[in-house]
Amino acid sequence: MTYYIEAVSGLRPKMRRAIIMVQDIVMVLIAVALSLVLTRSNLSFGTFSSTGLVCWASIIVLSHLLFRYCGLYNTVWRFASTPDFFNILKSCATLTVLLYLASLTFRTFQPVIGLNERQFIVFFLVSFTIISAPRLYYRFLRDGASWAILSRGSNNPLVKQALFVGRLSEADVLIRFTRTANPAEYSIAGIMAIGTEAPLGTRIQGVPVVAVRPSLVEVLEEYAKGTQNLDMLIFGNGAESEIEEYAELVRVARHSGISVVRFSGVSELGQGGKLVLDAVEMETIMRRSAVATDVGRISSFVSGKRVLVTGGAGSIGRILVKRSLELGAEAVLVADISEFGIFQLDQLIDEEDHARLTSRIIDVTDRRQMTRVVSEFKPSIIFHAAALKHVPLLEENWEAAIQTNIFGTLASAEVAAKCGVPQFLLISSDKAVDPSSVLGITKRAAEQIVSSLHEMRAAGQGGRRPGTKFIAVRFGNVFGSTGSVATIFQAQIEAGGPVTITDRRMTRYFMTVAEAVDLVIMSAADAEQRPGKDDYAIYMLDMGKPVPILEVAETMIRMAGKSPYTDIPIRFTGIRPGEKLHETLQGENEEIVTLDIAKIFGLRTDVVEWPRIQAALTSLQAAIRDQDKAAALAVLAELYQAEKPVAGARLEALPKIVGQTR
């Protein structure tokens with residue numbers, strides 16, 4: 001039978017379907033014969049008489065039409081499950097009733113000896129059994145559920161018992177690979193379906209669907225309490241964006257000591273492949289829709305280039321470094337003032353990539369050192385990620401903020417132009433929009449420097465060497481970066497609390513580091529191809545909707561297996577100097593331009609002329625020498641107001657900054 005089923009499964013779909021139809025008709029005829037034999041019935045007419053042949057032909061036509069009408073041939077055998085076998089049961093029952101009614105009608109015209117109700121009861125049981133048997137056996141073979149698997153020893157402590165949460169198509173792949181793996185690592189005990197294609201009790205390769213929405217959390221709680229052998233909860237790829245109860249499921253699992261992973265696919269290793277199961281990180285609570293990165297485009301942009309990353313040991317910088325190496329950069333140079341940060345970065349880089357990575361401990365405000373490094377390395381692009389970013393801390397250390405964020409950007413940009421670097425990209429911040437803090441106003445000034453240099457290059461293209469292309473990319477908080485609320489909350493949760501929040505109304509934009517870095521590189525790739533009037537000095541990333549900070553804290557506490565306010569207290573401390581309740585990505589004097597790239601926009605904004613910027617920078621240096629914070633912020637406020645906003649634009653934020661100098 002095994003040979004027959006394997007031979008049929010190897011045929012083309014139409015041929016396979018025709019053979020299955022013939023097979024079912026043969027099974028019906030066998031069921032008729034067996035029902036007569038088993039009940040020891042002797043019909044009053046011969047099997048091959050004219051009456052007998054008419055009966056056989058009628059049974060063949062009726063059964064074939066009925067089976068097609070009931071959809072027996074619309075099922076893919078390898079996905080055959082409880083509803084499909086119930087359909088066979090219903091079809092056989094209907095056929096039995098129709099044949100019985102036909103026999104009653106026939107006997108009104110011609111008496112028939114040896115035919116009664118017993119034959120039809122036996123026919124129903126036999127027909128259902130022998131029609132279902134090949135389908136069931138095929139599932140058995142396709143599952144890899146051989147006798148060796150059945151005797152594998154399901155209590156093997158080395159095999160982790162798991163529940164899968166996701167779509168049935170992924171469950172099918174996951175179960176197949178877990179069963180064929182040698183040695184076995186995982187065993188799927190049940191499926192928690194998030195789609196509508198399978199009701200409760202459906203089986204995929206013999207594994208039951210134990211829960212459907214909206215009762216996923218309740219079933220997991222019962223499963224965790226009633227089963228001591230459950231080791232893992234495996235989410236399907238993208239489940240965090242499809243399941244509202246995602247964070248609660250993670251909380252229940254972790255609270256019960258069940259590890260949580262995510263199924264990302266199958267890596268092509270050898271002939272069998274290998275499952276890729278990733279750890280579920282805290283950043284997944286944002287449930288952001290995945291950005292379909294055009295890997296081909298960013299790879300062709302970076303491949304073969306020499307890339308310099310200032311601030312390369314920071315949260316964004318280190319991912320820019322790693323991503324550039326992954327995309328085939330010829331060489332990557334890290335310029336950072338943090339010795340320990342560079343050491344940590346070095347530990348993250350794969351051994352085979354070390355030959356293409358160079359690190360320099362350098363202050364970006366030091367023009368002499370920057371000029372030497374850039375002229376020797378000869379980069380094709382500089383990603384300027386070096387910046388000081390802690391809002392309350394910079395309110396007191398305003399000189400350091402101005403030196404690094406403004407004069408560091410100025411020095412790096414002018415060195416790039418002097419050394420003929422083709423492209424310079426500034427990593428900016430949403431805090432540069434209507435700035436209310438030292439951080440925000442210094443990042444705005446950095447944007448103004450880059451925008452002005454960008455316009456100067458565009459104006460001087462006629463007949464001369466184009467020079468360095470300057471752009472800035474503006475986006476909000478990076479989830480999980482050093483000093484971000486997520487990192488702070490995580491440390492506070494691990495310490496037992498309390499989790500501190502400035503204001504329960506506060507919201508922020510969030511984006512994962514990997515997502516932000518790919519979009520930054522995509523912005524650089526787009527800028528390289530944009531000449532003339534369609535060129536943009538500032539790009540803005542689509543951050544989605546702002547997320548309440550309180551919601552982030554509560555969800556992170558739940559994902560850690562704790563209860564907010566009960567296990568981990570939450571304390572509100574009040575807004576700190578320079579902070580806003582809500583950030584924005586677009587100023588009122590700026591126009592957003594939709595590009596042909598997902599999650600990236602161009603910004604049309606007014607540009608301050610370079611001579612005016614130079615004059616402001618000179619005044620700013622004098623204010624720093626005099627240790628006059630009020631004068632320094634007044635210079636930056638005047639520079640910000642030098643932009644020409646549309647009517648009704650709000651400019652009242654900056655005087656408030658100046659008023660905070662006491």
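Which residues does serine 324 touch, not counting residues up to four places away in sequence? Serine 324 touches Val302, Val307, Ala329 and Val332, where contact means heavy atoms within 4.5 Å.

## Basis of the model

This is a predicted model, in which local features need pLDDT of at least 70 and side-chain atom pairs count only at pLDDT 80 or more, while totals for chains, interfaces and linings use all residues. Residues are numbered from 1 along each chain as its sequence is written, and side-chain values use heavy atoms, with hydrogens and water left out.

## Confidence

The mean pLDDT (the predictor's confidence in each residue, from 0 to 100) is 80 for the protein, and 79% of its residues reach 70 or more. The pLDDT is below 50 over residues 461–465, a stretch that has 1 contact in the model beyond near neighbours in sequence. It is also below 50 over residues 645–662, where the model has 34 contacts beyond near neighbours in sequence. Where pLDDT is low, the predicted coordinates should not be read in detail.

Serine 324 lies in helix α12 (residues 315–326); helices are DSSP runs of H or I with at least four residues, numbered from the N terminus. With a relative accessible area of 0%, serine 324 is buried (buried is under 20% relative accessible area, exposed over 50%, partly exposed in between, with a 1.4 Å probe and protein chains only).

A nonpolar core is a set of buried Ala, Val, Leu, Ile, Met, Phe, Trp, Tyr and Cys residues joined through side-chain atoms within 4.5 Å. The largest has 102 residues, and those with the most contacts inside it are Leu320, Val321, Phe383, Phe475, Ile521 and Leu620. Helix α19 (residues 513–528) gives the largest share of this core, 10 residues. Apart from it lies another core of 24 residues, among them Phe235, Val250, Ile258 and Val260.

## Helix α22

Leucine 620 touches Ile402, Ile406, Phe407, Ala632, Val635 and Leu636, not counting residues up to four places away in sequence. The buried residues of α22 include Ala632, Val635 and Leu636.

The 13 residues of α22 (residues 629–641) should span 18 Å at 1.5 Å a residue, the expected span being 1.5 Å times one less than the number of residues. The end C-alpha atoms are 18 Å apart, which agrees. At the start of α22, a side-chain oxygen of aspartate 628 comes within 3.3 Å of the backbone nitrogen of alanine 630.

## Cysteines

A search of the whole structure finds 0 disulfides (pairs of cysteine sulfur atoms within 2.5 Å). Cysteine 70 is buried, at 19% relative accessible area, and its sulfur is 9.4 Å from the closest cysteine sulfur, in cysteine 92, too far for a bond. Cysteine 419 counts as partly exposed because its relative accessibility is 29%.

Notes:
Helix = DSSP H or I, 4+ residues; strand = E, 2+ residues; numbered from the N terminus. Polar contact = N/O pair within 3.5 Å; in protein donor to acceptor, adjacent residues only side chain to side chain.
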